[in-house]
Amino acid sequence: MSSEDTKDVLRAFDGHASRRSILKGAAAFGAGGTAFLQLAEALAQASAEDVARLTILSQPGIVPEILKDVTVPMFNKSHPKTSVVFEAASNAVAYPKMLAQRSNPVVSGGMVNDLFAQRGINDKMWAKFDPELVPNAANLPADLKTPGGFGIPFHLTPWGIMYNPDKVEKPTSWTDLWNPKYKGRVSMWDVYYDAYIMAGVVTGKGPDVQAGIKAWEPHKANIGAWVNSPTLEEDLVSRGEMWLAPHWGSWTAMAKSQGKNVAFTIPKEGGVQWAGHMQLCAGFSPAVSKLTQIYMNTWLSDECQLAWIERGLYSPASTKVQIPEALKSNPAIISAEEALKTLVRPDFVKLAAEMPKLKSLIDRTLKS
């Protein structure tokens with residue numbers, strides 16, 4: 001295979017197609033022997049200059065704006081020929097699509113929450129990062145790691161209670177959600193388990209989701225809405241249709257900054273640590289994988305970590321960046337060191353494996 005042939009092959013897959021799927025397709029069409037090996041070698045030799053575009057999964061909302069404004073210009077200083085585009089969607093929506101496309105993947109890297117970080121390990125969706133390509137990860141606390149050996153945390157948020165300050169006093173305990181006067185006024189999730197984790201904690205069972213679900217059973221009349229969208233839940237509480245909801249601190253703070261009538265608190269028993277994890281997706285050429293890691297390293301840069309705080313109202317993962325004085329009183333924003341000391345960190349590896357069973361238990365116990 002000549003150098004021109006190699007270039008033609010690389011132009012054909014343009015940095016997007018899965019190397020594995022190209023080789024499988026070539027074999028299906030009868031390519032074999034020397035030709036097959038030459039094709040494999042051509043794909044392996046793809047350089048960064050051959051990658052025209054990276055497609056990255058992003059959380060929705062303000063996050064893609066932060067990435068476009070802060071991280072893309074940083075990356076393009078050294079890699080001007082590679083564009084970065086974002087697919088903005090929640091993990092619950094995006095992950096099934098990515099799983100369906102795994103034989104010919106499109107998204108080479110993305111941000112996932114704790115549960116989907118572990119589910120992706122079970123599904124063999126992730127590849128491991130090369131520490132030399134993400135040197136900013138050295139600025140994370142030693143104990144702040146993605147369990148399972150795949151992924152790198154890049155920001156945090158505490159999970160506590162969002163409430164409408166015109167309808168209720170600030171909750172001081174997770175058991176306040178069970179007060180009979182809040183019948184039909186609490187919004188809940190059936191695909192995230194943090195409220196049940198804390199129910200297990202306050203009833204002396206520890207961060208046991210099944211125990212927490214059962215602890216909610218005598219108080220299920222308080223659940224007035226089941227949601228699957230953070231924005232929907234924020235709107236319900238802001239309008240006063242629901243009064244309280246276990247929720248993410250950063251998302252509550254952002255909703256409040258947008259004029260919604262919501263507030264956030266971490267009850268006396270504590271909250272749950274939620275982290276955003278950047279993941280490298282499996283199934284791509286070495287060139288695409290390398291550039292994806294180089295790009296995602298910018299998420300841990302001082303500039304981006306400060307933007308997570310100031311624009312996204314997230315807590316930083318890096319120890320180098322300090323929370324600005326004006327935001328230190330915001331309960332949704334804490335340092336990574338404080339999060340590790342004060343917030344509950346459940347066994348997300350176990351939770352990810354039990355998701356179908358837990359969803360079924362919620363349906364039987366709390367929805368019937």
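Me: A crossing of two helices counts as left-handed if the near helix is turned anticlockwise from the far one by less than a right angle, and as right-handed if clockwise. With that in hand, is the crossing of α4 and α11 left-handed or right-handed?

Reply: Happy to start there, with the reminder that this is a predicted model. Helix α4 covers residues 63–78 and helix α11 covers residues 286–296, and their axes lie 9 Å apart. The hand of the α4 and α11 crossing is right-handed.

Me: Thanks! Is α4 oblique or roughly parallel to α11?

Reply: The two helices pack at an angle of about 125°. Roughly perpendicular stops at 115 degrees and roughly antiparallel begins over 145, so the angle falls in the remaining class. That makes the relation of α4 to α11 oblique.

Me: How do α5 and α6 compare, roughly parallel or roughly perpendicular?

Reply: α5 passes α6, which spans residues 114–122, in a right-handed crossing. Their axes are 11 Å apart and meet at an angle of about 15°. Because angles under 35 degrees share one class, α5 and α6 are roughly parallel.

Me: Which element gives the largest share of the lining of the largest pocket?

Reply: Five elements supply at least two lining residues each: α5 (91–100), β5 (152–163), α9 (230–239), α10 (249–257) and β10 (272–281). By class, the whole lining has 18 nonpolar, 14 polar and two charged residues. The largest share is four residues, and it comes from α10.

Me: How many residues of the lining of the second largest pocket are nonpolar?

Reply: This pocket has about 320 Å³ of space. Its lining has 18 residues, and the closest to the centre are Phe129, Pro131, Ala137, Gly151 and Ile152. Three of the lining residues are polar and two are charged, and the number of nonpolar ones is 13.

Me: Finally, how many residues of the lining of the largest cavity are nonpolar?

Reply: A search of the whole structure finds one cavity of 30 Å³ or more, and the largest cavity holds about 30 Å³ of space. Its lining is made of Trp174, Leu177, Trp178, Ala195, Ala199 and Trp216. No polar and no charged residue is found there, and the nonpolar count is six.

Conventions: Residues numbered from 1 in each chain as written. Predicted model: local features only at pLDDT ≥ 70, side-chain atom pairs only at ≥ 80, totals over all residues. Heavy atoms only, no water. Nonpolar A, V, L, I, M, F, W, Y, C, P; charged D, E, K, R; others polar. 1 Å grid on protein atoms, 1.4 Å probe; cavity = no way out; pocket = protein on both sides within 12 Å on 5 of 7 lines; lining within 4 Å. Points joined across faces, edges and corners; volume = space filled by probe spheres on them. Axes fitted to C-alpha atoms, helices over the stretch in contact; angles between N-to-C directions. Parallel < 35°, antiparallel > 145°, perpendicular 65-115°, else oblique.
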